[in-house]
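Please keep the sequence and the structure in view while reading.

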Amino acid sequence: MDNPRQITAIQAANVLISTIIGVGVLPLPLFAARGAGTGAPLLTAMSAMVSFVGLYFITKLGQRFPRQTIIQYSQDLIGKWPARLGAVLIIVFFAELTALASREFGEVVVTSVLKKTPLDVTVIVMLLLAAMSTRSSITTFAYIHHFYVPFILFPGLLIIALSLKNANGMYLQPFWGQDMHQVWRELGTIASLFNGAFVMTMVIPAMRNPPRAMKAAIWGMIIAGGFYILIVTATVAVFGPEETKLLLWPTLELAKVTSLPANILERLDAAFLAVWVTAVFTTLYSTYYFMIHSISQLLGLKDHKFLSMLVLPFVFTLAMYPQNVIEMYLIISFVGRINLVVTIAYPLLLFLIALVRKKGGSTGEKQRSTKGGGRDRKPDPA
């Protein structure tokens, strides 16, 4: 599927931000406190750095092959059938990510807001919204993310800032944590919250200037990772690590105990949920779009639009497979460990092969991607 090169570096960074910040905002402090106690912010920062390793290799590969995604250039690097096997693994992985995100969204909604609404109704509504939105082009995809980022970041930062009046700095000492026996297990789970950054491989071929992709990747990870660190820090500082471990969705509880000055609003959980729903949509939009975009490239199709509804029953079935919230989070923890293989080990392998075989990144290809902002233009008439 050919698309004009219209995405700027700022838009690419915004795609990363709004994709990474999603449904995992609510249980994130629980995972971090369970893994490192008072060292929860440090564990979150470590997870962001681990995730950036995968993003770095994805971006470097995208700069070497600025007109192709990982589904396409992997065939040049490791052969047709091994690359197709890797593509299937990536597609199934992102189908499961989309399913788990929609299921987690449904669990929160039916527990906190629409208590009499069936779970499957809330899940299918969000999946339908994401599926219908994915019928747009990659340029529209970037514009939508660019539009929603301020509505996600600024209200979230405001709630964090207001919550700090109830904070106790002693809850964050020692900074490196006390109980680190589950740190490696939770490291993978938290790192999985950043795996939406994998969509960068789909964004780079549509960028005006692919060489600026690394700058977009760095800023996107810094902003999204910093936002997550602030949420964990504020939650643990307000509740303490031990109480945070007992809360299913600590960030939602943080919003409940936070109020505006002069008690204009005594609880901000309703406002926070509105922001959270927006963040969930942008994450689902990205993972669903990447899934069907990859399927269309794997099958050699010219368009991905008809796939948006075709794969919906499969994703919905995956979403409804867990029997309860506990089983859902067990699956999320398992998928988090697989995440390290799919989003870090596989791109690293491809990058090393590209270096050894000296594939991609030719001077002529780089020059073509940078001239005219990396946009294919017709020659001016004489």
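## Cavities

There are four cavities of 30 Å³ or more in this predicted model. On a 1 Å grid over the protein atoms alone, a cavity is a set of points where a 1.4 Å probe fits but cannot get out, and lining residues have an atom within 4 Å of a point. Grid points are joined across faces, edges and corners, and a volume is the space filled by probe spheres set on the points.

The largest cavity holds about 260 Å³ of space. Its lining has 18 residues, with V23, L97, S192, L193 and N195 nearest the centre. Two or more lining residues come from each of α1 (9-20), α5 (80-112), α13 (269-298) and α16. Helices here are DSSP runs (H or I, at least four residues), numbered from the N terminus. α5 gives the most to this lining, four residues. By class, the lining of the largest cavity has nine nonpolar, eight polar and one charged. Nonpolar means Ala, Val, Leu, Ile, Met, Phe, Trp, Tyr, Cys and Pro; charged means Asp, Glu, Lys and Arg; the others, Gly among them, are polar.

The second largest cavity has a volume of about 100 Å³. Residues lining this cavity include S51, F194, N339 and T343. α3 (40-64) and α16 each give two or more residues, and the largest share, four residues, is from α3. This lining has seven nonpolar, five polar and no charged residues.

## The second largest pocket

A pocket is an open set of points with protein on both sides within 12 Å along at least five of seven lines. The second largest pocket contains about 220 Å³ of space. It is lined by 13 residues, and F31, R34, I326, Y329 and L330 lie nearest its centre. α16 gives the most to this lining, with five residues.

## Helix α16

α16 covers residues 325-357, 33 residues in total, and spans 47 Å from first C-alpha to last, close to the 48 Å expected at 1.5 Å a residue. The expected span is 1.5 Å times one less than the number of residues. A kink of about 35° is centred on I338; the bend is the angle between axes fitted to the seven residues ending there and the seven starting there. After α16 comes K358, whose phi is positive, near 55°.

## Notes on the model

Residues are numbered from 1 along each chain as its sequence is written, and side-chain values use heavy atoms, with hydrogens and water left out. The model is predicted: local features need pLDDT of at least 70, side-chain atom pairs count only at pLDDT 80 or more, and totals for chains, interfaces and linings use all residues.
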